[in-house]
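The following note sets out numbered comments on the model displayed below. Please read each point alongside the coordinates.

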Amino acid sequence: MSIQPRFLSHKLASTSNLAAAASSTPHTIEIYLDYVCRFSRIMFTNLYHNVLPAIADKFPDQAFVFVFRQHVQPWHPSSPLVHEAAIAVERLDPSKFWAFSDALFAVSPQFYDEAVYDESRPQTYERLADLAAKSVDIDKQAMLELLAVKPAVGEPTNAGNEISNDLKLFIRQARQTSIHVSPTVVVDGIVDNSFSSGWTVEQWLEKLEKIYTAN
């Protein structure tokens with residue numbers, strides 16, 4: 001499925017040449033992930049570090065394009081905040097989106113329910129901006145400015161921050177696709193519930209081989 005041009009860095013081809021992949025007709029694998037979902041953490045880490053390198057070795061350059069879909073799980077209060085942080089990183093430097101996602105998933109238990117229960121929203125943002133600065137060299141102050149909720153002039157209006165409208169687009173997209181659980185994998189526009197966060201690299205490759213040869 002398509003993605004707005006300003007979120008293009010949410011795409012990652014199975015080749016380093018995204019332009020070449022985009023000009024062909026690759027299979028599109030969308031993965032709906034929540035940064036504070038432990039199963040999303042398992043799937044992303046395996047995909048990013050193990051599966052993608054194996055795909056690059058096994059399949060032609062234009063075989064697959066992966067799309068990271070931000071999937072907020074509102075029963076985790078920190079979920080909107082961590083997703084805002086990732087979108088803010090993309091806004092500041094699109095080339096660092098996947099690396100920051102990797103760094104965020106690596107420490108994501110630090111943002112689980114129990115870890116944020118006693119801290120304020122600005123304190124959570126502060127920790128996320130620290131992580132971005134240390135892990136991918138993002139300007140911390142610039143990131144905090146994007147995440148800050150400006151004081152209301154008069155009656156509060158729920159104006160949000162500079163990232164709120166972008167986050168709403170991801171939430172709307174997931175709702176209209178009827179995605180509920182994370183992680184969820186969509187193959188060429190069709191939800192495929194056979195994918196599992198516990199898959200080995202070999203199981204991923206076996207599944208992708210079936211997708212690739214089904215043309």
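1. In this predicted model, S2, helix H2 (residues 38–58) and S3 form a β-α-β unit of right-handed sense. A crossover is called right-handed if, with the strands pointing away from the viewer, the path from the first strand over the helix to the second runs clockwise. Helices (H or I, at least four residues) and strands (E, at least two) are DSSP runs, numbered from the N terminus.

2. Residues are numbered from 1 along each chain as its sequence is written, and side-chain values use heavy atoms, with hydrogens and water left out. As the model is predicted, local features need pLDDT of at least 70 and side-chain atom pairs count only at pLDDT 80 or more, whereas totals for chains, interfaces and linings use all residues.

3. The two strands of the unit are paired directly: strand S2 (residues 27–33) runs parallel to S3, with seven bridges between them. Pairing requires that DSSP find at least two bridges between two strands. Within this pair, Leu33 is placed opposite Gln70 of S3, and Tyr32 faces Arg69 of S3.

4. How many residues of strand S3 (residues 64–70) are buried? Seven of the seven are, so the strand is largely enclosed by the rest of the structure. Buried denotes under 20% relative accessible area, exposed over 50%, and partly exposed in between (1.4 Å probe, protein chains only). On one side of S3 the buried residues are Phe64, Phe66, Phe68 and Gln70, and on the other Val65, Val67 and Arg69, so that both faces are covered.

5. S2 is likewise largely enclosed by the rest of the structure, because seven of its seven residues are buried. Both of its faces are covered, with His27, Ile29, Ile31 and Leu33 buried on one side and Thr28, Glu30 and Tyr32 buried on the other. S2 also pairs with strand S4 (residues 184–187), in the antiparallel sense and through four bridges. Glu30 has Val186 of S4 as its bridge partner.

6. Within helix H2, attention may be given to Asn46. Asn46 counts as buried because its relative accessibility is 13%. Apart from neighbours within four places in sequence, Asn46 is in contact (heavy atoms within 4.5 Å) with Val51, Trp199, Thr200, Val201 and Trp204.

7. Most residues other than glycine have a negative phi, and most peptide bonds are trans. The bond between Ser182 and Pro183 is a cis peptide, with omega about -5°; Pro183 is in the loop between helix H8 (164–176) and S4. Ser178 lies in the loop between H8 and S4 and has a positive phi near 60° without being a glycine. At 62% relative accessibility, Ser178 counts as exposed. Asp188, also not a glycine, has a positive phi of about 50° and is found in the loop between S4 and strand S5 (190–191). Its relative accessibility of 41% makes Asp188 partly exposed.

8. For 215 residues a compact globule would have a value near 17 Å, and the 18 Å of the protein chain agrees. The C-alpha trace spans about 60 × 35 × 35 Å along its principal axes.

9. Of the 215 residues, 49% count as buried. Among contacts with a separation of 6 or more, 77% involve residues 24 or more positions apart. The protein chain exposes about 10,900 Å², of which carbon and sulfur atoms supply 53%; accessible areas come from the Shrake-Rupley method with a 1.4 Å probe, and for residues only the protein chains shown count as cover.

10. The mean pLDDT (the predictor's confidence in each residue, from 0 to 100) is 90 for the protein chain, and 90% of its residues reach 70 or more. Over residues 15–23, however, the pLDDT is below 50, and this stretch has nine contacts in the model beyond near neighbours in sequence. Where pLDDT is low, the predicted coordinates should not be read in detail.

Technical notes: Rg over C-alpha atoms; globule rule 2.2 N^0.38 Å.
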